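Hello,

I am passing on a structure for you to look at.

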Amino acid sequence: MRIENNDSGPTEPAHGPDGRESLLADVDFKWLMAGHGMWFDARRFEADHAYAGRLLQLALASPSAALRDCAAAMLAKRQHLTARTSRPAPL
């Protein structure tokens, strides 16, 4: 998807292609959780790793295969991001 900018021509959205996928996964997770009666604070989910971890564990234990799959994908993404950001900077 491109956003037209009259000043400088077409530009990518600020969140980029990977950001779009992440946003869609977050929205899927939110609505799958809501569909199973589990509402949560999306801002806190992004900011509080312990809160997010508890919600993801709850979702992984769900009888819904779609919710379990979504939670597993989000957990893997979070673990990948954590591993990537916790590496020491190259010298």
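Here is what was found in it.

This is a predicted model, with local features needing pLDDT of at least 70, side-chain atom pairs counting only at pLDDT 80 or more, and totals for chains, interfaces and linings using all residues. Residues are numbered from 1 along each chain as its sequence is written, and side-chain values use heavy atoms, with hydrogens and water left out.

Fold. The chain has four helices and two strands (DSSP runs numbered from the N terminus: H or I of at least four residues, E of at least two). Their order along the sequence is β-β-α-α-α-α.

Core. The largest nonpolar core has 14 residues (buried Ala, Val, Leu, Ile, Met, Phe, Trp, Tyr and Cys joined through side-chain atoms within 4.5 Å; buried means under 20% relative accessible area, exposed over 50%, partly exposed in between, with a 1.4 Å probe and protein chains only). Phe29, Met33, Phe40 and Phe45 touch the most other members. Helix 1 (16–35), helix 3 (49–60) and helix 4 (65–85) each give two or more residues. Helix 3 gives the most, with five.

Phe45. Beyond neighbours within four places in sequence, Phe45 is in contact (heavy atoms within 4.5 Å) with Phe29, Phe40, Tyr51, Ala52, Leu55, Leu56, Met74 and Arg78.

Burial and leucine 23. Of the chain's 91 residues, 23% count as buried. Leucine 23 lies in helix 1. Leucine 23 counts as partly exposed because its relative accessibility is 45%.

Best wishes
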